[in-house]
Amino acid sequence: MGNQAGSLKKHLETAEKTGALSFTDKGLEKFPPDLVKVVGNLRNLDLSNNKIGSLPQNIGAFKMMKTLTLSKNKLSAIPEDLGKLSKLENLNLSFNFIQSVPNSFQQLKHLKEITLSHNQLTTFPLSLLNLKQLAIVDLSSNRLTSVPGQVGQMEATELVLNCNQISHLAKEVSKCPRLKTLRLEENCLALDSIPTALLTESGVSLLALEGNLFDVKKLDEVEGFDKYMERYTAVKRKLD
């Protein structure tokens, strides 16, 4: 541990000047308490690929934090205090053992991108609704079984739900005000569980449904598919 502590000391000295600290793949079993020395100016922190089992209850003290990366650790819970990181824009908690998302995430008003893929979420995290800056939400490879009606209040432009166990998709998903990309590959959806409103009324121009309980070629027989294809083609034309 001696070398590890010495190495962290050097990183802390650099972080005081730059506001960024990356200490990945070091076998850390806990969140380094010495990080408190840079609590006032740490903006980017990457502790991915360690063995950290929990976060400090006062994690919210890092008020300047904009990017927090804790993927590939052993986290099973997120403290409510994380909701106090009011400047946070990017949060990556993928490849952990997280079972729920705290209500305090409703306070993350500057959050643009959140990655919670490869965890153990069983219910859709409603604390991610109504966040006006949110662009990308990745909840792939969890244990979600349904997308609830409240999802219509999600402001994200891209929602990734691949590799879950979703068999129910609420029609309110069509009401997401900014949603353009919806990825639902490798789930348990039947053809008749795709809401007509999602095809006819939503702004979704990329809907990925491969690997569900129906042949995607059958989609073109569903009411409203032509409307969806109009949006899809228009966006594709712009990109070309």
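Colleague: What makes the span of helix H3 close to the one expected?

Modeller: In this predicted model, H3 takes in residues 225-239, which is 15 residues. From its first C-alpha to its last it reaches 21 Å, and 21 Å is also what you'd expect at 1.5 Å a residue.

Colleague: Which residues of H3 are buried?

Modeller: Phe225, Tyr228 and Arg231. To be called buried, a residue has to come in under 20% relative accessible area.

Colleague: And how do you know that the buried residues line one face of the helix?

Modeller: Look down the axis of H3: the buried residues fall within an arc of 125°, so they line one face. On the other side you'll find Glu230, Arg237 and Lys238, which are exposed.

Colleague: What covers the buried residues of H3?

Modeller: The cover includes helix H2 (196-200) and strand E11 (206-208).

Colleague: Let's move on to charges. What makes lysine 9 and glutamate 13 a salt bridge?

Modeller: Side chains of opposite charge can pair when their charged atoms come close. The cut-off from nitrogen to carboxyl oxygen is 4 Å. Lysine 9 and glutamate 13 have 3.7 Å from N to O, so this pair passes as within 4 Å. Both lie in helix H1 (residues 2-18), four residues apart, about one turn of the helix.

Colleague: Why is lysine 9 called exposed, and where does that leave glutamate 13?

Modeller: Exposed means over 50%. Lysine 9 has 54% relative accessibility, so it counts as exposed. Glutamate 13 has 40%, so it is partly exposed.

Colleague: What about lysine 171 and glutamate 172: why is theirs called a salt bridge?

Modeller: The N to O distance is 3.9 Å, and that is within 4 Å, so the name applies. Lysine 171 counts as exposed at 53%, while glutamate 172 is partly exposed at 25%. There's also a network elsewhere: Lys66, Glu89 and Lys112 are joined by salt bridges that share partners.

Colleague: How many salt bridges does the structure hold?

Modeller: Eight.

Colleague: Is cysteine 188 buried, exposed or partly exposed?

Modeller: Partly exposed, with a relative accessible area of 33%. Cysteine 176, by contrast, is buried at 6%.

Colleague: Last one. Why is valine 147 called buried?

Modeller: Its relative accessible area is 0%, which is under 20%, so buried is the word. Valine 147 is found in strand E7 (residues 146-147).

Colleague: What is valine 147 in contact with, leaving aside neighbours within four places in sequence?

Modeller: Phe124, Leu161, Ile166, His168, Leu169 and Ala170. Leucine 161 is 14 residues from valine 147 in sequence, and their C-alpha atoms are 9.4 Å apart in space.

Definitions and conventions: Residues are numbered from 1 along each chain as its sequence is written. This is a predicted model: local features need pLDDT of at least 70, side-chain atom pairs count only at pLDDT 80 or more; totals for chains, interfaces and linings use all residues. Side-chain values use heavy atoms; hydrogens and water are left out. A salt bridge is a side-chain nitrogen of Lys or Arg within 4 Å of a carboxyl oxygen of Asp or Glu. Helices (H or I, at least four residues) and strands (E, at least two) are DSSP runs, numbered from the N terminus. Buried means under 20% relative accessible area, exposed over 50%, partly exposed in between (1.4 Å probe, protein chains only). Contact means heavy atoms within 4.5 Å. The expected span of a helix is 1.5 Å times one less than its number of residues. The arc is that of the directions from the helix axis to the C-beta atoms.
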